Amino acid sequence: MVEYKWVALSNTTLGTLMASIDSTIVLIALPSIFRGINIDPFTSFQYMLWVLFGYSIVTATLLVTFGRLSDMFGRVKLYNLGFLIFTVGSILLSITPNQGDAGAIELIVFRIVQGVGGAFLFANSAAIITDAFPANERGKALGINQISFLAGSLIGLVLGGILAVYDWRLVFLVSVPVGVVGTVWSYLKLKEQCT
């Protein structure tokens, strides 16, 4: 049986990787996304900015608040909720039904939903690792987790460019299977640690 600390590290690293991939995945894919919903990004600059930066703005704005809420109500509980919200946001993005202005607004709203989930994941992954690992192993575990964040930022750029060639919806759909597996896994295996 795998020790709990490795389960916690692998799940939180998966969550951090997935959320960081989605922070950069739209950068290269944006022209394909806008063609897919029949929007000209040069005449609809405000939509382009919000699709690009809405996720990051929401995530950064909510991080401290969600960290405090997690201290009060349970880190694992809110981390799991974040995985679920992130996955739902990814599903909604991949099935965006409308085109034109309505489609652009839906993309922005669904990216914000995804950003809320990402904020829960980022705010709690380090805390869950800190709770699960003894003091002499925490640095290594936190380092692994943060490397996944950096790797995800790079992977997102490459993945967005590759998937956009085939279909813009794949840019968002790629997170869904990982999100579903990660959400189920976190609900089944992660548990609050007494500090």
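Is asparagine 38 buried or exposed? Asparagine 38 is exposed, with a relative accessible area of 53%, in what is a predicted model. We'll come back to that residue once the overall layout is clear.

## Overall layout

The protein chain is helical through and through in its element list: 7 helices and 0 strands. Reading from the N terminus, the order is simply α-α-α-α-α-α-α. With a radius of gyration of 17 Å, close to the 16 Å from the globule rule for 195 residues, the chain is as compact as a globular protein of that length. Its C-alpha trace spans about 55 × 30 × 25 Å along the principal axes.

If you look at contacts between residues at least 6 apart in sequence, 85% of them join residues at least 24 apart. Buried residues account for 49% of the 195 in the protein chain.

## Surface and charge

Nonpolar side chains tend to be buried together in soluble globular proteins. Here, the largest nonpolar core has 23 residues, and the members touching the most others are Val26, Ile33, Phe34, Leu107, Val171 and Phe172. Two or more residues come from each of α1, α2 (45-73), α4 (100-132), α5 (138-166) and α6 (168-173). Helix α1 is the top contributor, with 7 residues.

Isoleucine 33 gives a handy close-up. Setting aside neighbours within four places in sequence, isoleucine 33 is in contact with Val26, Leu107, Trp168, Val171 and Phe172. There is also a second, separate core of 19 residues, and Met18, Val76, Phe83 and Ile128 are among them.

Helix α1 covers residues 4-36, and asparagine 11 lies in it. Asparagine 11 is buried, because its relative accessible area is 0% and the cut-off for buried is under 20%. What does asparagine 11 touch, leaving aside its neighbours within four places in sequence? The contacts are Tyr79, Phe83, Gly182, Trp185, Ser186 and Leu190. One of these, Phe83, also turns up in the second core.

Threonine 24 is another polar residue to look at in helix α1. Threonine 24 is buried too, at a relative accessible area of 13%. Not counting residues up to four places away in sequence, threonine 24 touches Gly152, Ser153, Gly156 and Leu157.

## Back to asparagine 38, and a look at α2

Asparagine 38 lies in the loop between α1 and α2. Most residues other than glycine have a negative phi. Asparagine 38, which is not a glycine, has a positive phi of about 55°. The residue counts as exposed because its relative accessible area of 53% is over the 50% cut-off.

Over in helix α2 you'll find threonine 61. Threonine 61 is exposed, with a relative accessible area of 54%. For a distance check, take threonine 61 and asparagine 124, which are 63 residues apart along the chain. Their C-alpha atoms are separated by 15 Å.

Technical notes
Residues numbered from 1 in each chain as written. Predicted model: local features only at pLDDT ≥ 70, side-chain atom pairs only at ≥ 80, totals over all residues. Heavy atoms only, no water. Helix = DSSP H or I, 4+ residues; strand = E, 2+ residues; numbered from the N terminus. Rg over C-alpha atoms; globule rule 2.2 N^0.38 Å. Buried < 20%, exposed > 50% of the residue type's maximum accessible area, 1.4 Å probe, protein only. Contact = heavy atoms within 4.5 Å. Core = buried A, V, L, I, M, F, W, Y, C linked by side-chain atoms within 4.5 Å.
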